[in-house]
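Hi everyone, thanks for coming. Let me put the structure up, and then I'll walk you through the parts I'd like you to look at.

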Amino acid sequence: MLIIKGGTIVTSKESFVGDICIEGEKIVEVRRLDTPDGDAAGPRTKEAACEKDTEAEIVNAAGKLVFPGFIDAHTHFDLHVAGTVTCDDFASGTKAAVSGGTTAIIDFGTQYPGETLQEGLHNWLEKAAVGCSCDYGIHMSITDWNPETARQCQDMMDAGVSTFKLYMTYDTQVDDKTLYEILVRLKEVGGITGVHCENSGVIDALREKLAAGDGLARVSSHCLSRPAAAEAEAIGRLLHLAGIAETEVIDVHLTCEEGLEEIRAARKRGQTVYAETCPQYLVMDDSLYGLPGFEGAKYVIAPPLRKPRDNAALWKALADGEIQTVATDHCAFTCAQKALGRDDFRKIPGGMPGVETRGLVIYSEGVARGRITKEKMCQVLAENPAKLYGLYPRKGALIKGADADIVILDPGRRQTVTAAAQQSRCDYAPLEGKTLTGVIEAVYLRGVLTASEGQVFRENRGVFLKRGKHQPLT
């Protein structure tokens, strides 16, 4: 038995001092120490906490915060895009993830045109076969809609791929008719889709205009070609289509207050809409595109960074429960890969790393600064993703019977972000030099100490997660 003793156990609703007892890969008991005379389902005296103490390995977590393992439901590992391949594959990407407290990722597999969904899933499972250092699941991106694809949506559900992805821009986009048909079909099989919302036509027109003028080699042309209104319009259009289909949807990587207003309007109409944002949209803004030389290319992502007022609006929405999850959209490229667009902003590969720092960014810039509570952090990084993506109660909570995925965070220490210290193969860190409050001291994956102080000790223990249908968020 392993006992994590005397830490502040954080749940989505409360925090309390207690012990967590682990046998094998599972949590077998959680004991409160802050109130006398309880039992396994409630408070108990400190002296009576966890049986077999003398036989167990004891980890002293006094003064530390103990979270469920974090879940990142938005990663892109080993992705071929923009004429290159992301520098993090499943091996390096999952090492980066678990070093930062993420014990499960869900990556976006893709059915490319001409492929079946089953072929797309097979291809992504082959990518993951290099070895994963945290547990992993797969979403399936639908790009080629036809009767066979519609039939195979049920096959995906049966295989434990219960969530999907649709794009309203890029060469993988679907038109409105197809989008509506997919929403209807996924409702039939019990699936749910996340959607990348940007108005492709507006973006194309603005890119052509900027490229024809003097903006071709300016990094800032990227954000000028993808305004917040183009995101908000697509969110609104998606939600009206979802309303007609009478189904639930997820808006992924929400960046701006304009888009949030579209979500609020749909909810007022009675729709269920889930919203995800990312750390970069909470702590970075579009001034970074004006950095000297080509430095701003490091921050070229889609949708792009927005204004400080959008950062503030998203933090408030997170605190108020209007945003349900925080993922990363980790899609990492080296500086050399970014340089593919040095002379043409349209060729800069879009994406940056983030899976390694997400937990500490949310703690440091959210909890430590009083923007959100530690309970809200637990909810948006662990419990809500577990429920929304069909992993609860196996993942996302420190309860009896759950996988012993545990993060121990010391709130009294600080650390500085550097590319040199990261597990990702990316050769830059977007937050280089920033000092964050908190240090993730230990990460347990299914009962085994896997990472500590940013270093990974146990590799390739990750297993494929066969996921069920999404559950209501409460």
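Here's a question to start with: which residues of β14 point one way, and which point the other way? V273, A275 and T277 go to one side, while Y274 and E276 go to the other, and all are buried. By buried I mean under 20% relative accessible area, with exposed being over 50% and partly exposed in between, using a 1.4 Å probe and protein chains only. With five of its five residues buried, β14 is largely enclosed by the rest of the structure.

Before I go on, some housekeeping. This is a predicted model, so local features need pLDDT of at least 70 and side-chain atom pairs count only at pLDDT 80 or more, while totals for chains, interfaces and linings use all residues. Residues are numbered from 1 along each chain as its sequence is written, and side-chain values use heavy atoms, with hydrogens and water left out. Helices (H or I, at least four residues) and strands (E, at least two) are DSSP runs, numbered from the N terminus.

Okay, the sheet. Strands of a sheet pair through backbone hydrogen bonds, either parallel or antiparallel. Here, eight strands make an open sheet, in the order β6-β9-β10-β11-β12-β13-β14-β15, and the pairing is parallel. Two strands count as paired if DSSP finds at least two bridges between them. At the edges you'll find β6 (70–75) and β15 (325–326), each with a single partner strand, so one side of each is left without a neighbour in the sheet.

Now the empty spaces. Rolling a probe the size of a water molecule over the atoms shows where empty space is left. On a 1 Å grid over the protein atoms alone, a cavity is a set of points where a 1.4 Å probe fits but cannot get out; a pocket is an open set with protein on both sides within 12 Å along at least five of seven lines, and lining residues have an atom within 4 Å of a point. Grid points are joined across faces, edges and corners, and a volume is the space filled by probe spheres set on the points.

How many cavities of 30 Å³ or more are there? Two. The largest holds about 180 Å³, and of its 18 lining residues, P353, G354, T357, P430 and L431 lie nearest the centre. Helix α9 (residues 279–283) gives the most to that lining, with three residues. The second largest cavity holds about 40 Å³. Its lining includes I250 and E276, along with A73, F108 and Y389 among others.

What about the largest pocket? That one has about 830 Å³ of space. There are 38 lining residues, and V81, A82, Y170, D171 and G350 are the ones nearest the centre. α5 gives the most, with four residues. By class, the pocket lining has 16 nonpolar, 14 polar and eight charged residues. For those classes, Ala, Val, Leu, Ile, Met, Phe, Trp, Tyr, Cys and Pro are nonpolar, Asp, Glu, Lys and Arg are charged, and the others, Gly among them, are polar.

Last stop, the rings. The structure holds six aromatic pairs. One of them is Y112 with W124, tilted, at 6.3 Å centre to centre with 40° between the planes. Rings of Phe, Tyr and Trp (its six-membered ring) pair if their centres lie within 6.5 Å; planes under 30 degrees apart are stacked, over 60 edge-to-face, and the rest tilted. Y112 is partly exposed, at 27% relative accessible area, whereas W124 is buried, at 1%. W124 also has the charged end of K127 over its ring, 4.6 Å from the centre. That label needs NZ of Lys or CZ of Arg within 6 Å of the ring centre and within 35 degrees of the ring normal. K387 lies over the face of Y392 too, at 4.9 Å from the ring centre. And finally, ring pairs link F77, F90, Y136 and F464 into a cluster.
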